[in-house]
Amino acid sequence: MCTQLRDQYLKYPGISRAALAMVPTDLETVRVNEGMLAILLAGGVAPQAAAWAIDALLLYVAAYCLETSIARRRSAQDDVAWVLDRDELRRRFTALPAETFPHAAELTAGEGHDRFDFTLALMIDGLAPR
C-alpha cells in the first residue's frame with residue numbers, strides 16, 4: 001500500500017505536501033488507514049502499535065515524495081545551487097579526507113527507490129510481535 005501511495009504521490013506532485021498539511025479525516029483516507037490497520041492486526045501487531053505505525057508509515061511516504069518532488073522541480077529549473085546529481089555528490093564525498101570521513105560515500109548508495117524500500121522494511125520489521 002505504501003508503494004502504491006508513493007507512486008501516486010510522485011505522479012501528482014503537490015499531493016504529498018497536501019497530505020502533510022491536513023488531518024486525514026476524509027472517507028477515502030480513513031478507508032486506506034482501516035485497510036492498513038487490518039493488515040497489521042492480521043499480522044499480529046498490537047492495535048496501538050499498528051495505529052502509530054500507520055501514522056509513521058504515511059508520514060514517511062509523504063515526506064519521501066515531497067523531498068523527491070522538490071528535487072525534481074529544482075533540477076528542472078536548473079537550480080544547480082540546490083540540486084546536485086548523484087555522480088556529483090559521489091565526487092564531492094569521495095574528495096573528502098578519508099581519515100575524517102571514511103564512510104561518506106555510503107550516503108549516495110542505492111538506486112531508484114532503494115532507500116524508500118529499505119526504510120519501509122526497517123519500519124515494518126520493527127513491528128514484529130514481541
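At what angle do helix α1 (residues 2-11) and helix α6 (residues 114-125) pack, and how far apart are their axes?

**View 1. Helix α1 packs against helix α6.** The angle is about 145°, and the axes are 11 Å apart. Axes are lines fitted to C-alpha atoms, for helices over the stretch in contact; angles run from 0 to 180 degrees between N-to-C directions. Helices are DSSP runs of H or I with at least four residues, numbered from the N terminus. α1 passes α6 in a right-handed crossing (near helix turned clockwise from the far one by less than a right angle). On α1, the contact is made by Cys2, Thr3 and Arg6; on α6, by Phe116, Asp117 and Leu120. Contact means heavy atoms within 4.5 Å. By class, this contact has three nonpolar, one polar and two charged residues. Ala, Val, Leu, Ile, Met, Phe, Trp, Tyr, Cys and Pro count as nonpolar; Asp, Glu, Lys and Arg count as charged; the others, Gly among them, count as polar.

**View 2. Confidence along the protein chain.** The model is predicted; local features need pLDDT of at least 70, side-chain atom pairs count only at pLDDT 80 or more, and totals for chains, interfaces and linings use all residues. Residues are numbered from 1 along each chain as its sequence is written, and side-chain values use heavy atoms, with hydrogens and water left out. pLDDT is the predictor's confidence in each residue, from 0 to 100. The chain averages 86, and 93% of the residues score at least 70. Among its elements, helix α5 (residues 86-94) has the lowest mean pLDDT, 82. Helix α6 has the highest, 94.

**View 3. Threonine 119 in helix α6.** Threonine 119 has a relative accessible area of 17% and is therefore buried. Buried means under 20% relative accessible area, exposed over 50%, and partly exposed in between (1.4 Å probe, protein chains only). The side chain of threonine 119 makes a polar contact with the side chain of tyrosine 60, at 3.4 Å. A polar contact is a pair of N or O atoms within 3.5 Å; within protein, one must be able to donate a hydrogen and the other to accept it, and residues adjacent in sequence count only if both atoms are side-chain atoms.

**View 4. Leucine 57 and alanine 50, two buried residues of helix α4.** Leucine 57 has 3% relative accessibility. Neighbours within four places in sequence aside, leucine 57 is in contact with Cys2, Met36, Leu120, Met123 and Ile124. Its C-alpha lies 19 Å from that of tyrosine 12, 45 residues apart in sequence. Alanine 50 has a relative accessible area of 0%. Not counting residues up to four places away, alanine 50 touches Leu37, Leu40, Leu41 and Val45. Alanine 50 and leucine 127 are 77 residues apart along the chain, yet their C-alpha atoms are separated by 7.9 Å.

**View 5. Serine 69, alanine 71 and arginine 74 in helix α4.** Helix α4 spans residues 47-76. Serine 69 is buried, at 12% relative accessibility. Leaving aside neighbours within four places in sequence, serine 69 is in contact with Pro13 and Ser16. Alanine 71 is partly exposed, at 33%. The C-alpha atoms of alanine 71 and aspartate 85 are 9.7 Å apart, with the residues 14 apart along the chain. Arginine 74 is partly exposed, with a relative accessible area of 28%. From arginine 74 to proline 24, 50 residues apart in sequence, the C-alpha to C-alpha distance is 28 Å.
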